[in-house]
Amino acid sequence: MADSASHSGETPLQTLASRYGVATNYQGFDGETKTVPDKTLRAVLTALGADASSEAAAQESLRARDEATWRRMLPPVVITEAGTYTTVDVTVPSGADSRVRLWPEDHPEAARQLDAAAPSDTREIDGVMRERRRYELPEDLELGWYLLEAESPEVQDGRGETIHVAVTPQRLNTTDKLRGTRRWGYMAQLYSLMSSRSWGVGDLSDLASLAAISGTQGADYVLINPLHAAEPVPPVEPSPYLPSSRRFFNPLYLRITDVAEFAYLRPKDREVVEQLAVVQRKTVLDPSRIERDPAYQAKLTSLDLLFTVRRSPYRQQQLEAFVARGGRALQDFGLWCALREELGEDAPEWDDGAASPEAPYAREARTRLARRIDFYVWLQWLLDEQLEAAQRAAHLAGMSIGVVHDLAVGVSKNGADAWTLQDTMASGVSVGAPADMYNQLGQDWSQPPWHPQRLAEAGYQPWRDMLRNIFRHAGGIRIDHVVGLFRLWWIPDGNQASEGAYVYYDHEAMVGVLALEAELADVVVIGEDLGTVEASARQYLEHKGVLGTSILWFEMAEDEPLNPSEYRELCMASVNTHDLPPTAGYLEGVQLKLREDLGLLARSPEEEREQARQQLETFFTAVEAAGLLPDGAQSSEEAKIEALYRYLGRAPSMLFNVSLVDAVGERRIQNQPGTSDEYPNWRVPLADGQGKYVLLEELNAMARVQSLVRAVNETLGTESRAPEVSVHEPLEHRDIAEPRRK
């Protein structure tokens with residue numbers, strides 16, 4: 001937190017900002033140090049709960065901040081590492097008796113008493129002398145969550161305080177288990193990948209099939225876009241990186257016919273579903289654009305009918321167990337979904353009677369909309385089942401990792417998490433990024449940030465619960481903008497995106513909880529650490545065993561491509577990302593034409609094209625020098641792409657992404673940063689180089705796919721797991737054109 005350290009000569013406002021972890025300056029993309037204006041500091045501090053309206057107010061807030069820890073018995077939470085010496089300070093009136101106990105979260109019967117050392121410090125607060133007593137935690141604590149209770153007859157009527165203690169791994173064993181074997185996996189946008197049985201969008205059954213197909217090809221994982229919940233009813237936000245909730249999943253990805261109750265639909269209801277299937281399956285044949293809203297509406301109509309089917313005792317028991325495990329968080333999510341369906345997004349009730357789960361209108365709706373709440377809870381159970389099936393399919397195909405989920409940076413300010421978790425989120429600000437070379441005004445992502453202090457006061461449970469839900473059926477997780485666990489760019493409401501300030505988080509706690517939950521769930525963690533990332537943050541993540549991210553086009557040593565042998569070992573390496581064109585399109589320069597058409601070029605088209613030409617020439621010179629492109633510039637597009645993959649494959653990186661769009665020859669960009677409706681972001685279905693749709697069932701038969709897979713396996717020393725004898729199910733296009741008949 002070097003930028004926010006206190007220095008002599010600071011104003012009270014700047015000192016207060018430093019105490020709250022707000023950086024008073026930062027380094028811009030041009031290398032210059034930028035000073036955060038006082039107006040911005042005051043707004044950010046207000047969002048953090050500090051009064052900085054005047055110099056006197058700032059001085060008073062400083063005093064209150066310094067005394068806060070003396071007014072409570074225990075710190076908000078304790079995050080420590082296994083096998084390390086850890087102490088906890090307990091604050092009580094001088095001379096008062098005190099008792100401290102510690103027990104595993106779910107086993108109070110295993111509580112043990114802790115012994116205190118002599119008082120470490122004293123201070124007078126409100127005329128009462130208080131002292132701190134230092135208690136040692138046992139060094140033999142296993143990984144996990146504990147509760148620590150401190151009691152004193154002279155404090156809070158003897159009731160005391162109880163906090164969470166997390167014992168986290170010093171380093172992720174899940175990462176170290178990867179050593180010695182290099183692994184590759186497909187990187188895919190699930191919604192864009194469809195089979196003949198999809199309803200206009202790729203779904204979880206398609207994910208299971210992709211895992212089965214790629215597993216036999218030698219892949220060890222499948223990295224997919226975030227599957228976070230969007231709006232409960234259409235219209236839905238197309239970007240998977242601006243979700244309603246990161247704790248729950250999107251029913252858009254359900255495969256209707258995989259729901260067990262489908263077999264028991266009433267004949268008339270089954271006919272309705274089958275007719276909806278006919279319409280939606282035909283949309284799979286359109287390679288131009290994915291239309292989420294009609295696909296989701298068709299699924300919701302079908303799910304409404306399926307919800308009326310009586311479940312077997314076994315199925316009902318499974319549902320009830322899921323509901324019990326989900327607890328209040330799941331019920332609150334269901335309530336928000338039911339309210340959003342009833343009220344829409346802009347109803348005045350959201351600012352009054354439905355402003356929170358405990359507001360009057362919301363409390364009344366828990367009873368009145370109970371059936372609808374149950375429906376949305378039931379959808380999450382179906383998603384849990386189908387996610388489990390996808391991960392099981394990955395393991396059956398020989399994958400040791402399986403499905404790698406993607407965690408978005410944040411959530412929509414009008415979404416479920418912002419509503420249900422508002423006590424741990426900051427209001428009056430949003431998350432974004434400062435100005436850079438391509439965004440002179442900065443970026444505002446319209447996402448409310450975690451409130452650092454309130455999140456700690458909550459024992460990091462919202463963060464823990466979110467991770468646990470994702471990890472239930474995952475083999476790995478990619479953390480988008482992982483530096484956000486260290487600091488986030490807060491933009492006060494009414495400011496331009498460039499008029500913000502960095503707010504620092506307790507990264508040891510944030511990363512520690514992430515590591516603990518990943519270790520308990522046997523999940524590999526990858527951090528997207530592209531762009532401007534402090535060296536200390538990368539070093540800390542590497543120390544904890546969190547893999548980084550390297551993109552071929554971004555890895556440069558001055559003006560030359562970085563030799564792959566110098567890439568990081570603890571890394572997921574890729575030729576491209578979802579924010580860049582597929583490699584075939586990149587070689588052709590489709591990104592330049594699109595940005596020119598949209599008026600997004602920072603320089604003249606001629607200058608941009610010349611820079612792109614020079615970049616490609618520089619990289620292919622290195623590829624040729626490595627002996628991977630014998631025919632040089634005369635090589636085919638496919639040969640050039642394979643050469644790039646062979647070149648990158650020489651890196652020691654533990655994980656190696658094969659972009660599915662590169663495998664089939666797609667050219668179109670999936671997402672063009674800086675646009676919304678000007679380009680169909682996140683709505684581009686998978687197609688080949690000629691613009692013809694590619695169905696999931698065709699992947700294994702495509703010569704281009706087979707050739708790239710062979711190149712990757714040869715380079716990494718991995719092998720195909722295809723059985724010697726296989727039975728191929730014919731591709732039945734009638735599945736698209738008409739429903740099955742008995």
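Leu655, Asn657 and Ser659 point one way from strand β26, while Phe656 and Val658 point the other way, and all are buried (buried means under 20% relative accessible area, exposed over 50%, and partly exposed in between, with a 1.4 Å probe and protein chains only). In a regular strand the side chains alternate between the two faces of the sheet. β26 is mostly covered, with five of its five residues buried. Strands here are DSSP runs of E with at least two residues, helices are runs of H or I with at least four, and both are numbered from the N terminus.

Please keep in mind that this is a predicted model, in which local features need pLDDT of at least 70 and side-chain atom pairs count only at pLDDT 80 or more, while totals for chains, interfaces and linings use all residues. Residues are numbered from 1 along each chain as its sequence is written, and side-chain values use heavy atoms, leaving out hydrogens and water.

**The sheet around β26**

β26 belongs to an open sheet of eight strands, ordered β21-β18-β15-β12-β11-β26-β25-β22, with parallel pairing. Two strands pair if DSSP finds at least two bridges between them. At the edges lie β21 (524–527) and β22 (548–551), each pairing on one side only. On average, neighbouring strands of this sheet are turned by 25° against each other, direction ignored.

β25 and β26 run parallel and are joined by two bridges, and Phe656 in β26 is the bridge partner of Ala573. β11 is also joined to β12 (residues 221–224) by four bridges, again running parallel; Tyr186 stands opposite Val222 in β12.

**Helices against the sheet**

Helix α19 lies across β25 (571–574) and β26, running at about 170° to β26. Another helix to look at is α21 (residues 703–716): at 1.5 Å a residue its 14 residues should span 20 Å, and its end C-alpha atoms are 20 Å apart, which agrees. The expected span is 1.5 Å times one less than the number of residues. Among the buried residues of α21 are Val705, Leu708, Val709 and Val712. The buried residues of α21 pack against β11 (183–188), α5 (204–217), α16 (583–588), α19 (637–648), β26 (655–659) and α20 (660–664), where contact means heavy atoms within 4.5 Å. Just after α21, Gly717 takes a positive phi of about 80°.

**Helix pairs**

Two packed helices are described by the angle between their axes and the distance between the axes. Axes are lines fitted to C-alpha atoms, for helices over the stretch in contact, and angles run from 0 to 180 degrees between N-to-C directions.

| Helix pair | Angle | Axis distance |
|---|---|---|
| α6 (residues 267–283) and α7 (residues 292–307) | about 165° | 10 Å apart |
| α8 (residues 313–343) and α10 (residues 370–396) | roughly 125° | within 6 Å |
| α8 and α9 (residues 360–368) | roughly 95° | within 10 Å |

α6 and α7 are therefore roughly antiparallel to each other. Angles under 35 degrees count as roughly parallel, over 145 as roughly antiparallel, 65 to 115 as roughly perpendicular and the rest as oblique. Residues of α6 including Val272, Val273 and Leu276 meet residues of α7 including Ala295, Ala298 and Leu305.
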